[in-house]
Amino acid sequence: MQLPGALRLESGGELPDVRIAYETWGTLDATRSNAVLVLHALTGDSHIAGPAGPGHPTAGWWEALVGPGRALDPAEWFVVAPNVVGGCQGSTGPASTAPDGVPWGSRFPLVTARDAVAAETVLADALGVDTWACVIGGSMGGMRALEWAASQPDRVRRLFVLAAPAATSADQIGWASPQLAAIRADPGWNGGDYHDLPDGKGPHAGLGVARRIAHLSYRSGFELTTRFGREAQDGENPWDGGRYAVESYLDHHAEKLVRRFDAGSYVRLTELMNAHDVGRGRGGVPAALRRVTARTFVAGVNSDRLYPLEQQIEMAEGIPGAELKVIEAPYGHDAFLIEDEVVGSHLTSLLHE
(Lines give C-alpha, C1' and ligand atoms only; values in the text may rest on other atoms or scores of the structure.)
Protein backbone atom coordinates (compact mmCIF):
# COMPACT_ATOMS: atom_id res chain seq x y z
CA MET A 1 0.00 0.00 0.00
CA GLN A 2 1.01 3.61 -0.54
CA LEU A 3 1.19 5.79 2.56
CA PRO A 4 -1.17 8.74 2.06
CA GLY A 5 1.50 11.28 3.06
CA ALA A 6 5.20 11.52 3.71
CA LEU A 7 6.68 9.50 6.57
CA ARG A 8 8.12 11.86 9.19
CA LEU A 9 11.41 10.48 10.44
CA GLU A 10 12.81 10.40 13.94
CA SER A 11 16.16 11.69 12.65
CA GLY A 12 14.46 14.69 11.07
CA GLY A 13 12.96 15.29 7.66
CA GLU A 14 10.49 13.19 5.73
CA LEU A 15 10.46 10.24 3.36
CA PRO A 16 7.92 10.76 0.55
CA ASP A 17 6.09 8.22 -1.59
CA VAL A 18 6.47 5.35 0.87
CA ARG A 19 5.08 1.97 -0.09
CA ILE A 20 4.65 -0.95 2.31
CA ALA A 21 4.47 -4.48 0.97
CA TYR A 22 2.51 -6.89 3.14
CA GLU A 23 0.77 -10.23 3.13
CA THR A 24 -2.22 -11.44 5.08
CA TRP A 25 -3.70 -14.80 6.04
CA GLY A 26 -7.23 -15.27 7.35
CA THR A 27 -9.96 -12.68 7.75
CA LEU A 28 -10.51 -9.82 10.18
CA ASP A 29 -13.54 -10.77 12.25
CA ALA A 30 -16.61 -8.62 12.89
CA THR A 31 -15.22 -7.35 16.20
CA ARG A 32 -11.81 -6.60 14.63
CA SER A 33 -10.18 -8.35 17.58
CA ASN A 34 -8.31 -11.24 15.94
CA ALA A 35 -5.47 -9.46 14.13
CA VAL A 36 -1.89 -10.60 14.72
CA LEU A 37 1.11 -8.61 13.50
CA VAL A 38 4.23 -10.64 12.60
CA LEU A 39 7.48 -8.70 12.16
CA HIS A 40 10.52 -10.11 10.37
CA ALA A 41 14.25 -10.08 11.13
CA LEU A 42 17.00 -8.31 9.16
CA THR A 43 16.88 -10.19 5.84
CA GLY A 44 13.32 -11.47 6.17
CA ASP A 45 10.25 -10.16 4.39
CA SER A 46 6.46 -10.31 4.40
CA HIS A 47 6.40 -13.94 3.19
CA ILE A 48 6.14 -15.89 6.43
CA ALA A 49 4.34 -18.86 4.85
CA GLY A 50 3.97 -20.39 1.41
CA PRO A 51 6.28 -21.45 -1.42
CA ALA A 52 8.80 -19.26 -3.19
CA GLY A 53 7.45 -17.47 -6.24
CA PRO A 54 7.25 -14.11 -8.01
CA GLY A 55 8.12 -11.42 -5.49
CA HIS A 56 9.13 -14.05 -2.94
CA PRO A 57 12.64 -15.39 -3.58
CA THR A 58 12.41 -17.85 -0.69
CA ALA A 59 9.72 -20.01 0.89
CA GLY A 60 8.01 -18.77 4.04
CA TRP A 61 10.51 -18.16 6.82
CA TRP A 62 8.12 -19.05 9.70
CA GLU A 63 6.10 -21.66 7.84
CA ALA A 64 5.55 -23.83 10.91
CA LEU A 65 3.59 -21.09 12.69
CA VAL A 66 0.98 -20.27 10.04
CA GLY A 67 -1.63 -22.71 8.74
CA PRO A 68 -4.48 -24.99 9.76
CA GLY A 69 -3.94 -26.41 13.22
CA ARG A 70 -0.88 -24.24 13.84
CA ALA A 71 -0.39 -21.41 16.32
CA LEU A 72 -1.57 -18.84 13.76
CA ASP A 73 -4.45 -20.71 12.19
CA PRO A 74 -6.03 -18.50 9.49
CA ALA A 75 -9.43 -19.90 10.46
CA GLU A 76 -9.04 -18.11 13.80
CA TRP A 77 -6.54 -15.29 13.28
CA PHE A 78 -6.07 -12.48 10.79
CA VAL A 79 -2.30 -12.55 10.31
CA VAL A 80 -0.53 -9.49 8.88
CA ALA A 81 3.15 -9.47 7.89
CA PRO A 82 4.61 -6.23 6.48
CA ASN A 83 7.99 -5.78 4.84
CA VAL A 84 9.91 -3.12 6.78
CA VAL A 85 10.47 0.33 5.26
CA GLY A 86 14.08 0.35 4.08
CA GLY A 87 13.87 -3.25 2.90
CA CYS A 88 14.05 -4.61 -0.63
CA GLN A 89 11.12 -7.00 -0.93
CA GLY A 90 8.42 -4.59 -2.04
CA SER A 91 8.61 -1.81 0.54
CA THR A 92 10.36 1.48 -0.19
CA GLY A 93 14.11 1.22 0.31
CA PRO A 94 17.43 2.33 -1.20
CA ALA A 95 16.78 0.40 -4.43
CA SER A 96 13.38 2.05 -4.92
CA THR A 97 12.81 4.89 -7.35
CA ALA A 98 12.85 8.32 -5.72
CA PRO A 99 10.49 11.12 -6.80
CA ASP A 100 13.15 12.39 -9.25
CA GLY A 101 12.99 9.12 -11.19
CA VAL A 102 16.31 7.57 -10.14
CA PRO A 103 17.03 5.09 -7.31
CA TRP A 104 17.29 6.48 -3.80
CA GLY A 105 20.69 4.86 -3.28
CA SER A 106 22.90 6.82 -0.89
CA ARG A 107 20.17 9.43 -0.40
CA PHE A 108 17.89 6.99 1.39
CA PRO A 109 17.69 8.25 4.99
CA LEU A 110 18.11 6.43 8.27
CA VAL A 111 14.81 4.80 9.24
CA THR A 112 14.59 3.71 12.88
CA ALA A 113 12.46 1.00 14.45
CA ARG A 114 10.21 3.80 15.70
CA ASP A 115 9.81 5.10 12.15
CA ALA A 116 8.98 1.59 10.93
CA VAL A 117 6.23 1.37 13.56
CA ALA A 118 4.84 4.74 12.45
CA ALA A 119 4.53 3.38 8.90
CA GLU A 120 2.99 0.12 10.13
CA THR A 121 0.47 2.15 12.12
CA VAL A 122 -0.81 3.64 8.88
CA LEU A 123 -1.08 0.11 7.47
CA ALA A 124 -3.03 -1.03 10.55
CA ASP A 125 -5.45 1.88 10.15
CA ALA A 126 -5.95 1.06 6.47
CA LEU A 127 -6.71 -2.58 7.34
CA GLY A 128 -9.22 -1.55 10.00
CA VAL A 129 -7.15 -2.88 12.89
CA ASP A 130 -7.64 -0.72 15.96
CA THR A 131 -5.88 -3.10 18.36
CA TRP A 132 -3.57 -6.03 17.67
CA ALA A 133 -4.49 -9.22 19.46
CA CYS A 134 -0.75 -9.90 19.44
CA VAL A 135 2.43 -8.40 18.03
CA ILE A 136 5.24 -10.91 17.56
CA GLY A 137 8.76 -10.56 16.26
CA GLY A 138 12.26 -11.94 16.63
CA SER A 139 15.64 -10.19 16.36
CA MET A 140 15.04 -6.97 14.37
CA GLY A 141 11.35 -7.90 14.35
CA GLY A 142 11.47 -8.09 18.14
CA MET A 143 12.85 -4.55 18.27
CA ARG A 144 9.91 -3.33 16.22
CA ALA A 145 7.44 -5.38 18.29
CA LEU A 146 8.76 -3.82 21.49
CA GLU A 147 8.52 -0.36 19.93
CA TRP A 148 4.90 -1.04 19.02
CA ALA A 149 4.07 -1.93 22.63
CA ALA A 150 6.00 1.02 24.10
CA SER A 151 4.85 3.70 21.66
CA GLN A 152 1.21 2.59 21.31
CA PRO A 153 0.37 0.48 24.35
CA ASP A 154 -3.36 0.90 23.83
CA ARG A 155 -3.10 -0.85 20.45
CA VAL A 156 -1.23 -3.99 21.58
CA ARG A 157 -3.06 -6.53 23.77
CA ARG A 158 -0.36 -9.20 23.71
CA LEU A 159 3.34 -9.00 22.96
CA PHE A 160 5.82 -11.76 22.11
CA VAL A 161 9.44 -10.61 21.73
CA LEU A 162 12.06 -13.21 20.80
CA ALA A 163 15.87 -12.93 20.85
CA ALA A 164 15.97 -9.13 20.88
CA PRO A 165 17.25 -6.44 23.25
CA ALA A 166 15.61 -3.36 24.73
CA ALA A 167 18.56 -1.38 23.38
CA THR A 168 21.37 -2.46 21.08
CA SER A 169 24.64 -2.78 22.98
CA ALA A 170 28.19 -1.74 22.09
CA ASP A 171 29.04 -5.40 21.49
CA GLN A 172 26.21 -5.73 18.96
CA ILE A 173 27.15 -2.49 17.22
CA GLY A 174 30.67 -3.91 17.14
CA TRP A 175 29.46 -7.08 15.38
CA ALA A 176 27.77 -4.85 12.80
CA SER A 177 30.73 -2.56 12.20
CA PRO A 178 32.91 -4.92 10.08
CA GLN A 179 29.84 -5.94 8.11
CA LEU A 180 29.16 -2.34 7.13
CA ALA A 181 32.85 -1.76 6.45
CA ALA A 182 33.03 -4.79 4.14
CA ILE A 183 30.14 -3.53 2.01
CA ARG A 184 31.41 0.05 1.86
CA ALA A 185 34.95 -1.09 0.99
CA ASP A 186 33.72 -3.01 -2.04
CA PRO A 187 34.43 -0.91 -5.18
CA GLY A 188 30.97 -1.89 -6.40
CA TRP A 189 29.42 0.08 -3.54
CA ASN A 190 30.08 3.31 -5.44
CA GLY A 191 29.18 5.42 -2.43
CA GLY A 192 25.82 3.64 -2.23
CA ASP A 193 24.80 4.68 -5.76
CA TYR A 194 25.13 1.48 -7.75
CA HIS A 195 21.51 0.51 -8.43
CA ASP A 196 21.37 1.96 -11.95
CA LEU A 197 24.81 0.75 -13.03
CA PRO A 198 24.86 -1.62 -16.06
CA ASP A 199 25.40 -5.37 -15.95
CA GLY A 200 24.08 -5.81 -12.41
CA LYS A 201 27.20 -4.35 -10.83
CA GLY A 202 27.17 -3.76 -7.11
CA PRO A 203 28.93 -4.58 -3.83
CA HIS A 204 28.18 -8.29 -4.07
CA ALA A 205 31.52 -9.43 -2.65
CA GLY A 206 31.22 -7.03 0.28
CA LEU A 207 27.68 -8.16 1.02
CA GLY A 208 28.88 -11.76 0.99
CA VAL A 209 31.59 -10.97 3.55
CA ALA A 210 29.03 -9.16 5.70
CA ARG A 211 26.78 -12.19 5.62
CA ARG A 212 29.62 -14.50 6.63
CA ILE A 213 30.37 -12.33 9.67
CA ALA A 214 26.70 -12.07 10.58
CA HIS A 215 26.08 -15.79 10.23
CA LEU A 216 28.85 -16.53 12.72
CA SER A 217 26.95 -14.41 15.25
CA TYR A 218 23.67 -16.18 14.41
CA ARG A 219 25.03 -19.63 15.33
CA SER A 220 26.82 -20.85 18.44
CA GLY A 221 30.43 -21.94 18.56
CA PHE A 222 29.29 -25.22 20.09
CA GLU A 223 27.04 -25.98 17.13
CA LEU A 224 29.69 -25.11 14.54
CA THR A 225 32.29 -27.23 16.33
CA THR A 226 29.91 -30.16 16.73
CA ARG A 227 28.65 -29.93 13.17
CA PHE A 228 31.88 -29.26 11.29
CA GLY A 229 34.84 -29.70 13.60
CA ARG A 230 38.08 -29.31 11.65
CA GLU A 231 36.85 -31.33 8.68
CA ALA A 232 37.85 -30.30 5.18
CA GLN A 233 35.21 -29.62 2.58
CA ASP A 234 34.62 -32.68 0.41
CA GLY A 235 37.24 -32.89 -2.31
CA GLU A 236 39.25 -29.93 -0.98
CA ASN A 237 42.52 -29.64 0.95
CA PRO A 238 42.86 -26.59 3.23
CA TRP A 239 46.64 -27.05 3.13
CA ASP A 240 46.57 -26.56 -0.60
CA GLY A 241 44.16 -23.67 -1.13
CA GLY A 242 40.99 -25.60 -0.28
CA ARG A 243 38.38 -24.85 2.34
CA TYR A 244 37.39 -26.26 5.66
CA ALA A 245 33.78 -27.49 5.79
CA VAL A 246 32.72 -24.55 7.97
CA GLU A 247 34.11 -22.14 5.36
CA SER A 248 32.05 -23.82 2.67
CA TYR A 249 28.99 -23.49 4.90
CA LEU A 250 29.54 -19.74 5.30
CA ASP A 251 30.20 -19.35 1.57
CA HIS A 252 26.88 -21.06 0.85
CA HIS A 253 24.91 -18.66 3.04
CA ALA A 254 26.73 -15.67 1.57
CA GLU A 255 25.90 -16.74 -1.98
CA LYS A 256 22.24 -17.28 -1.13
CA LEU A 257 21.86 -13.81 0.37
CA VAL A 258 23.68 -12.02 -2.45
CA ARG A 259 21.22 -13.50 -4.94
CA ARG A 260 18.15 -12.18 -3.13
CA PHE A 261 19.00 -9.11 -1.01
CA ASP A 262 20.09 -5.56 -1.72
CA ALA A 263 23.30 -4.34 -0.06
CA GLY A 264 21.85 -0.85 0.43
CA SER A 265 18.95 -2.29 2.41
CA TYR A 266 21.38 -4.43 4.40
CA VAL A 267 23.31 -1.29 5.37
CA ARG A 268 20.26 0.79 6.26
CA LEU A 269 18.54 -1.99 8.24
CA THR A 270 21.75 -2.76 10.12
CA GLU A 271 21.86 0.93 11.02
CA LEU A 272 18.23 0.66 12.12
CA MET A 273 19.23 -2.09 14.54
CA ASN A 274 22.25 -0.14 15.75
CA ALA A 275 19.96 2.82 16.51
CA HIS A 276 17.48 0.70 18.47
CA ASP A 277 16.90 2.00 22.00
CA VAL A 278 13.38 1.77 23.35
CA GLY A 279 14.35 4.21 26.12
CA ARG A 280 15.44 7.03 23.80
CA GLY A 281 13.45 10.14 24.67
CA ARG A 282 11.43 8.18 27.25
CA GLY A 283 13.58 8.56 30.33
CA GLY A 284 15.69 5.46 29.71
CA VAL A 285 15.02 1.77 29.17
CA PRO A 286 13.39 0.99 32.56
CA ALA A 287 10.89 3.83 32.15
CA ALA A 288 10.12 2.80 28.57
CA LEU A 289 9.53 -0.83 29.52
CA ARG A 290 7.06 0.27 32.19
CA ARG A 291 4.97 1.86 29.42
CA VAL A 292 4.10 -1.59 28.07
CA THR A 293 0.64 -2.74 29.14
CA ALA A 294 0.36 -5.80 26.88
CA ARG A 295 0.34 -9.32 28.26
CA THR A 296 3.93 -10.16 27.40
CA PHE A 297 6.13 -13.18 26.77
CA VAL A 298 9.84 -12.54 26.26
CA ALA A 299 11.81 -15.45 24.82
CA GLY A 300 15.58 -15.79 24.81
CA VAL A 301 17.96 -18.50 23.60
CA ASN A 302 20.44 -19.86 26.13
CA SER A 303 23.15 -20.21 23.44
CA ASP A 304 22.58 -16.83 21.72
CA ARG A 305 25.87 -14.95 21.43
CA LEU A 306 24.45 -12.05 19.41
CA TYR A 307 21.59 -11.03 21.72
CA PRO A 308 22.41 -12.98 24.88
CA LEU A 309 19.78 -14.20 27.29
CA GLU A 310 20.73 -11.53 29.84
CA GLN A 311 19.09 -8.95 27.60
CA GLN A 312 15.80 -10.83 27.51
CA ILE A 313 15.93 -11.26 31.29
CA GLU A 314 16.31 -7.49 31.63
CA MET A 315 13.35 -6.92 29.33
CA ALA A 316 11.11 -9.44 31.09
CA GLU A 317 11.95 -7.98 34.49
CA GLY A 318 11.22 -4.46 33.27
CA ILE A 319 7.83 -5.06 31.60
CA PRO A 320 5.04 -5.31 34.17
CA GLY A 321 3.77 -8.89 34.45
CA ALA A 322 5.99 -10.23 31.64
CA GLU A 323 7.02 -13.88 31.56
CA LEU A 324 10.45 -15.07 30.47
CA LYS A 325 10.60 -18.13 28.21
CA VAL A 326 14.01 -19.73 27.76
CA ILE A 327 14.62 -21.63 24.52
CA GLU A 328 17.25 -24.23 25.32
CA ALA A 329 18.96 -25.13 22.06
CA PRO A 330 22.52 -25.37 20.71
CA TYR A 331 21.86 -23.32 17.59
CA GLY A 332 22.50 -19.83 18.94
CA HIS A 333 20.48 -16.81 17.86
CA ASP A 334 18.80 -18.64 14.96
CA ALA A 335 17.09 -21.00 17.41
CA PHE A 336 14.09 -18.65 17.52
CA LEU A 337 13.48 -19.67 13.88
CA ILE A 338 14.61 -23.29 14.17
CA GLU A 339 12.80 -24.34 17.36
CA ASP A 340 9.39 -23.75 15.83
CA GLU A 341 7.57 -26.30 18.00
CA VAL A 342 8.71 -24.54 21.17
CA VAL A 343 7.94 -21.09 19.76
CA GLY A 344 4.56 -22.26 18.46
CA SER A 345 3.65 -23.73 21.83
CA HIS A 346 4.48 -20.50 23.66
CA LEU A 347 2.59 -18.42 21.09
CA THR A 348 -0.48 -20.64 21.33
CA SER A 349 -0.41 -20.34 25.10
CA LEU A 350 -0.17 -16.56 24.93
CA LEU A 351 -2.93 -16.19 22.34
CA HIS A 352 -5.38 -18.39 24.26
CA GLU A 353 -4.87 -17.08 27.78
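**Talking through the cores and a few loop residues**

Trainee: Which residue's backbone nitrogen lies 2.9 Å from a polar atom of the D277 side chain?

Mentor: Keep in mind that this is a predicted model. D277 sits in the loop between α7 (263-275) and α8. A polar atom of its side chain lies 2.9 Å from a backbone nitrogen, and that nitrogen belongs to G279.

Trainee: And is D277 buried, partly exposed or exposed?

Mentor: Buried would need under 20% relative accessible area, and exposed would need over 50%. D277 has 26% relative accessibility, so it counts as partly exposed.

Trainee: What does D277 touch, leaving out residues up to four places away in sequence?

Mentor: Start with a residue at some distance: G174 is 103 residues from D277 in sequence and 16 Å from it in space, C-alpha to C-alpha. With those sequence neighbours set aside, the residues D277 touches are R114, E147, A166, A167 and V285.

Trainee: Moving to the largest nonpolar core, which element gives the most to it?

Mentor: That core has 44 residues, and L15, V85, W132, L146, W148 and L159 are those with the most contacts inside it. The elements giving two or more residues are β4 (35-39), β5 (78-82), α1 (113-127), α2 (140-151), β7 (158-162), α8 (285-289) and α9 (309-318). The top contributor gives five residues, and it's α2.

Trainee: How many residues are in the other core, the one that lies apart from it?

Mentor: Among its members are V66, L72, A163 and V343. The count for this other core is 30 residues.

Trainee: Back to W132: what is it in contact with, leaving aside neighbours within four places in sequence?

Mentor: W132 is one of the residues with the most contacts inside the largest nonpolar core. Its partners, with those neighbours left aside, are A35, V36, L37, V80, A124, W148, R155, V156, R157 and R158.

Trainee: What is the phi of R32, and where does that residue sit?

Mentor: Most residues other than glycine have a negative phi. R32 isn't a glycine, yet its phi is positive. It is partly exposed, because its relative accessibility is 39%. R32 sits in the loop between β3 (22-25) and β4, and its phi is about 55°.

Trainee: Where is N190 found, and what is its phi near?

Mentor: N190 is another residue other than glycine with a positive phi. Its relative accessibility is 43%, so N190 counts as partly exposed. N190 is found in the loop between α3 (170-185) and α4 (204-218), with a phi near 55°.

Terms used:
Residues are numbered from 1 along each chain as its sequence is written. This is a predicted model: local features need pLDDT of at least 70, side-chain atom pairs count only at pLDDT 80 or more; totals for chains, interfaces and linings use all residues. Side-chain values use heavy atoms; hydrogens and water are left out. A nonpolar core is a set of buried Ala, Val, Leu, Ile, Met, Phe, Trp, Tyr and Cys residues joined through side-chain atoms within 4.5 Å. Buried means under 20% relative accessible area, exposed over 50%, partly exposed in between (1.4 Å probe, protein chains only). Helices (H or I, at least four residues) and strands (E, at least two) are DSSP runs, numbered from the N terminus. Contact means heavy atoms within 4.5 Å. A polar contact is a pair of N or O atoms within 3.5 Å; within protein, one must be able to donate a hydrogen and the other to accept it, and residues adjacent in sequence count only if both atoms are side-chain atoms.
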